[in-house]
Amino acid sequence: YALPAEPALVPLTLTLPHCRQAVQRWLRFTEGKAVVADLAKLAPARTGIQFRGKAEQPLTAESGATFRAATNTVGGAEKSGFFCHPPYQGGVGLAFGEFEAALPDAPCVFETFVGFTDGSTTADGCVFSVEVKAGEKWETAGKLQFGELKKWKPFRADLTMFRGKKVALRLVTDVGPA
């Protein structure tokens, strides 16, 4: 069905065994967002860490790093998603979780919020990024340096260049530059 460019008057007919009613109603429409994958409801296919200058390795508790599903409170406002903390014991670096998704053959974006859970401290924040692998290598689709406490920050990454493909998405939290 092709949506009209403007709201339109549409005839509707309801037919029952003992009666028939015809009416006209206005059809109004809006374009909504389709959710391809709600990652907060999925388990990551893989988690890991990477210390500066070293190879990736599985996530370990000894590193201080974590990546897990959680309901997080930032500035008193709760959101479901993930709690991801980069490694800080034995060196510094990044932590990640990977997910698989089939992207629609249409323009698409990754949308989320990032923040530091209430009670956190930070010197210079973290670098949050989403990476995409549609072939052999990872490509950074979006990156955000953020360090403000008690505030959720929207984060978006355009995935349109990967439209119509089955991809791996990697959510990364890296320590701040300092």
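Is Arg170 buried or exposed, and what is its relative accessible area? In this predicted model, Arg170 is buried, with a relative accessible area of 4%, and the side chain of Arg170 takes part in salt bridges with Glu98 and Glu131, which are described below.

The chain contains 12 strands and 0 helices. Its radius of gyration is 22 Å, whereas a compact globule of 178 residues would have a value near 16 Å, and the C-alpha trace spans about 80 × 40 × 30 Å along its principal axes.

The side chains comprise 21 positive and 18 negative groups, and the centres of the two sets lie 4 Å apart; the structure holds 11 salt bridges. In one of them, Arg170 meets Glu98 at 2.5 Å, N to O. Because Arg170 lies in strand S12 (residues 166–175) and Glu98 in strand S7 (residues 93–102), this pair ties together parts that are 72 residues apart in sequence. Glu98 is likewise buried, at a relative accessible area of 9%. Arg170 also forms a salt bridge with Glu131, with the closest N and O atoms 3.8 Å apart; since Glu131 belongs to strand S9 (residues 126–133), the parts tied together here are 39 residues apart in sequence. Glu131 counts as buried at 16% relative accessibility.

Methods
Residues are numbered from 1 along each chain as its sequence is written. This is a predicted model: local features need pLDDT of at least 70, side-chain atom pairs count only at pLDDT 80 or more; totals for chains, interfaces and linings use all residues. Side-chain values use heavy atoms; hydrogens and water are left out. Helices (H or I, at least four residues) and strands (E, at least two) are DSSP runs, numbered from the N terminus. The radius of gyration is taken over C-alpha atoms; the globule rule is 2.2 Å times the number of residues to the power 0.38. Lys and Arg count as positive and Asp and Glu as negative; His and the chain ends are not counted. The place of a charge is taken as NZ of Lys, CZ of Arg, CG of Asp or CD of Glu. A salt bridge is a side-chain nitrogen of Lys or Arg within 4 Å of a carboxyl oxygen of Asp or Glu. Buried means under 20% relative accessible area, exposed over 50%, partly exposed in between (1.4 Å probe, protein chains only).
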